[in-house]
Amino acid sequence: MSLVVMHAMLLGFLRDRGAVVMALVLPIAVFLVFAAIFAGASGEQLRVTVAVADEVRSDESRRLLGALARDPALSLRPSDPLSTTEVRRLVRQGSADAGLIVRRNGRALDDLTGPGPAPLIIVTDPVRAVAARVLAGQIQEAYFAALSDVALGGVAQLLSEGFVTLEPAQDEELASGLEALRQAILAAERTGTAPVSALESLLETETTVPTVGRSHVAYYAGAVGILFLLFAAVHGALTLLEERDAGLLDRLLAGPGGMDAVVAGKFLFLLVQGIVQVTVIFILAWALYGVDLPGHLGPYAVVTFAAAGAAAGLALAITTACSSRRQAQTLANVVVLIASAVGGSMVPRFFMPPLIQQLGWLTPTAWALEAYSSVFWRGDPLARIALPVVLLLASGALGLAIARHLARRFETI
């Protein structure tokens, strides 16, 4: 009997060609997308986009920036001379992952210990803090590679200032100095801090947003919100096929409005459900982590309305395009996973290879996250989020139109 049941299910599966494709072909596509994303996130293909402003334009600064430009882990944007204001603006807007300013009023690059501010400023967005750490490491590597003469001169200066003498007492003073350095390192380990090296004294970090923790929470509130918004919309849209299979759809079609009214009613429900779902997440972010939801309530409401509409339209379009619930559920889950991964819900997009980053702009996930980013940690006015909001609204309207057109074939079933 068990074999008979298995044989019947196998025949049913093979006859449903759409289900065969969903089960055997789409997982391959998902694997390829995730492999590309996480291979880039592992660091092998990671390229940090850096906006550069060189206020000094000395021989040392040109050599250092030239070495950074040749670094495969970095993509510098010095094609046009940038000002410090432009660098900060590009980082704040997300057009650059980090910024580097060679400060005019800072110490010289060959001065590791002198007074005055650090010669290099790394500008970073708190959400992309890892990009600043990558840049700092590459700067130190480039410093030794391109400015080895300067680095050796700085080390010689450190030795002469720290250990002073080149006389017979040198050995004793050198040993004493090294022991003091060892004790300082041990003390830093006990307090949980890291000692500042001479090269680190060349760098100063500047963040574009003072509330670092809140920025992270706001980003992930948007990322998690849009991810589960899509999943919930898919689950709600599948009821259309369930009602058709159960015969309930025939009764609904007997009422006024026909299939257009049924699809529109489901769209409105999914829209309201999505708004409530995302709002609950942001209320928790406000109550527990201080995300300024009341201060950005108007732009937040516009973005959430547009995102919920896009999710509802997409879910209904996918559902009505499929002939069975199995097809619709599999296809919708695959589309949601790929859109969420490529769009930045699972891994921040700047971790991804350049091609995947560009593909992310084709997903509503990226549009929603860009809009939430502008609202909560860039503090942009409503006009600055017009493009992603328009894209979300247009995709929702297009999805609804497609769903209403495709669903009319159910009237003849």
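Val272, Val276, Val280, Leu284, Leu288 and Tyr289 form a nonpolar surface patch with about 600 Å² of accessible area together. Patch members have over 30% relative accessible area and no salt bridge, and nonpolar side chains (Val, Leu, Ile, Met, Phe, Trp, Tyr) are joined within 5 Å, like charges within 9 Å. Areas come from the Shrake-Rupley method with a 1.4 Å probe, and for residues only the protein chains shown count as cover. This is a predicted model: local features need pLDDT of at least 70, side-chain atom pairs count only at pLDDT 80 or more, and totals for chains, interfaces and linings use all residues. Residues are numbered from 1 along each chain as its sequence is written, and side-chain values use heavy atoms, leaving out hydrogens and water.

- Val280 is partly exposed because its relative accessibility is 43% (buried is under 20%, exposed over 50%, partly exposed in between; 1.4 Å probe, protein chains only).

**Salt bridges**
- There are three salt bridges (a side-chain nitrogen of Lys or Arg within 4 Å of a carboxyl oxygen of Asp or Glu).
- Glu55 pairs with Arg104, with closest N and O atoms 3.8 Å apart.
- Glu55 and Arg104 sit in loops, 49 residues apart.
- Asp59 and Arg63 meet at 3.2 Å, N to O, and both lie in helix H4, four residues apart.
- Glu242 bridges to Arg325 at 2.7 Å between the closest N and O atoms.
- Glu242 is in H10 and Arg325 in H14, so this pair ties together parts 83 residues apart in sequence.

Terms used:
Helix = DSSP H or I, 4+ residues; strand = E, 2+ residues; numbered from the N terminus.
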